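Here is a short tour of a helical packing problem, written for someone who likes the cut-offs spelled out. Have the model open as you read.

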Amino acid sequence: MEVANMTTENAFEILGLLPSASHSQIKIAYRRAISRFHPDRLISRGAGENELKYATLKTQSIKAAYDKIRLEKGFLR
């Protein structure tokens, strides 16, 4: 999902956060989510092709959610 097509509510939901989350809470949630679903990490664990496809899509949505939240909250540099 692209940042432009994502609502702020969806972005917080993807990262498992409330809209009142602080900048540091947002960053921590993003890093945990990326770590959990990053395809490179799953490859090293012997994940199958379907798992890698899912992880790639999930990673893209996590990145889009993080970008959307940072844009909305003014955290972009």
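The buried residues of H1 pack against H2 and H4, where contact means heavy atoms within 4.5 Å. Helices (H or I, at least four residues) and strands (E, at least two) are DSSP runs, numbered from the N terminus. This is a predicted model, in which local features need pLDDT of at least 70 and side-chain atom pairs count only at pLDDT 80 or more, while totals for chains, interfaces and linings use all residues. Residues are numbered from 1 along each chain as its sequence is written, and side-chain values use heavy atoms, with hydrogens and water left out.

Which residues of H1 are buried? In this helix, residues 8-15, they are Ala11, Phe12 and Leu15; buried means under 20% relative accessible area, exposed over 50% and partly exposed in between, with a 1.4 Å probe and protein chains only. Seen down the axis of H1, the buried residues fall within an arc of 95°, so they line one face of the helix. That arc is taken over the directions from the helix axis to the C-beta atoms. Exposed Glu9 and Glu13 sit on the face turned away from the buried side. After H1 comes Gly16, with a positive phi near 70°.

## H2 against H4

Two packed helices are described by the angle between their axes and the distance between the axes. For H2 (residues 23-37) and H4 (residues 49-73), the axes come within 9 Å and cross at roughly 170°. That makes H2 roughly antiparallel to H4. Here axes are lines fitted to C-alpha atoms, for helices over the stretch in contact, and angles run from 0 to 180 degrees between N-to-C directions; roughly antiparallel is the label for angles over 145 degrees.

On the H2 side, the contact includes Ile26, Tyr30 and Phe37, and on the H4 side Ile62, Tyr66 and Ile69 are among the residues involved.

## The nonpolar core

A nonpolar core is a set of buried Ala, Val, Leu, Ile, Met, Phe, Trp, Tyr and Cys residues joined through side-chain atoms within 4.5 Å. The largest one has 17 residues, of which Leu15, Leu17, Ile26, Ile62 and Ile69 touch the most other members. H1, H2 and H4 are the elements giving two or more residues to this core, and H2 gives the most, with six.

Methods:
Parallel < 35°, antiparallel > 145°, perpendicular 65-115°, else oblique.
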